[in-house]
Amino acid sequence: MSAQPHPGAPSGGYGPPPTGHSALATGGATFAGVLLLVNGILAIFQGISAIAKDDVYARIGDYVYKINLTGWGWILLILGVIAAITGGGILSRASWARAVGIALASLSLIAQFLFLPYQPLWSIIVMAINVFVIWALASHHPEPTRQ
């Protein structure tokens, strides 16, 4: 059985030229953009509910870090707005969005750790999502654009 050239390959070549990119990392970066966008929208709703009514979340046990729930609401609201904008930037392949996404997912990871006494299960889920977002954005290396 002889190897046939790929239809889009340059003459004499077989298959597409290697790009050095992992398909998993490229797809992961797109998925990270979607997760960051959705996570930002959910954080906006979470922040609004914490600001609007200070007794929406019940505190579970005693915790070292004590911040007023209204303060948490503002923190989550601001992080959510920035995360939604950054997620949109990642999906539109903006050059600034990858670094901002990594920094924002790191901040969100810390914020969710501190939010554990109010929503432990949700915080752990969002922390895991943030770890994936950091990995996906850090392992994806887009090709520089030619102008």
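Predicted model: local features only at pLDDT ≥ 70, side-chain atom pairs only at ≥ 80, totals over all residues.
Residues are numbered from 1 along each chain as its sequence is written, and side-chain values use heavy atoms, with hydrogens and water left out. Local features need pLDDT of at least 70, side-chain atom pairs count only at pLDDT 80 or more, and totals for chains, interfaces and linings use all residues.

Start with the core. The largest nonpolar core holds 21 residues. A nonpolar core here is a set of buried Ala, Val, Leu, Ile, Met, Phe, Trp, Tyr and Cys residues joined through side-chain atoms within 4.5 Å. Buried means under 20% relative accessible area, exposed means over 50%, and partly exposed lies in between (1.4 Å probe, protein chains only). Leu69, Trp72, Phe115, Val133 and Leu137 have the most contacts inside this core. Four helices each supply at least two of its residues: H1 (23–52), H2 (69–91), H3 (97–114) and H4 (120–139). H2 gives the largest share, six residues. Helices are DSSP runs (H or I, at least four residues), and strands are too (E, at least two), numbered from the N terminus.

Setting aside neighbours within four places in sequence, Leu137 is in contact with Ala29, Ala32, Ile90, Arg98, Gly101 and Ile102. Contact means heavy atoms within 4.5 Å.

Next comes empty space. Rolling a probe the size of a water molecule over the atoms shows where empty space is left. A search of the whole structure finds one cavity of 30 Å³ or more. The largest cavity has a volume of about 90 Å³. The search runs on a 1 Å grid over the protein atoms alone; a cavity is a set of points where a 1.4 Å probe fits but cannot get out, and lining residues have an atom within 4 Å of a point. Grid points are joined across faces, edges and corners, and the volume is the space filled by probe spheres set on the points.

What lines the largest cavity? The lining consists of Leu36, Asn39, Gly40, Ala43, Leu76, Leu79, Gly80, Ala83, Ser108, Ala111, Gln112 and Asn130. H1, H2 and H3 are the elements that give two or more residues to it. By class, the lining has six nonpolar, six polar and no charged residues. Ala, Val, Leu, Ile, Met, Phe, Trp, Tyr, Cys and Pro count as nonpolar, Asp, Glu, Lys and Arg as charged, and the others, Gly among them, as polar.

Ser108 is one of the lining residues. Ser108 lies in helix H3 and is buried, at 13% relative accessible area. Beyond its neighbours within four places in sequence, Ser108 is in contact with Asn39, Leu79, Val126 and Asn130.

Now the rings. The whole structure has two aromatic pairs. Phe31 and Phe132 pair edge-to-face, 5.7 Å centre to centre with 65° between the planes. This pair links distant parts of the chain: Phe31 is in H1, Phe132 in H4, 101 residues apart. Phe132 and Trp135 form a tilted pair, 5.8 Å centre to centre with 40° between the planes. Rings of Phe, Tyr and Trp (its six-membered ring) pair if their centres lie within 6.5 Å; planes under 30 degrees apart are stacked, over 60 edge-to-face, the rest tilted. Phe132 and Trp135 are three residues apart in H4, so about one helical turn separates them. Phe31 is partly exposed at 45%, Phe132 at 27% and Trp135 at 40%.

Finish at a loop. Arg93 is found between H2 and H3. Its phi is near 60°, a positive value in a residue other than glycine. Arg93 is exposed, with a relative accessible area of 57%.

Key: 1 Å grid on protein atoms, 1.4 Å probe; cavity = no way out; pocket = protein on both sides within 12 Å on 5 of 7 lines; lining within 4 Å.
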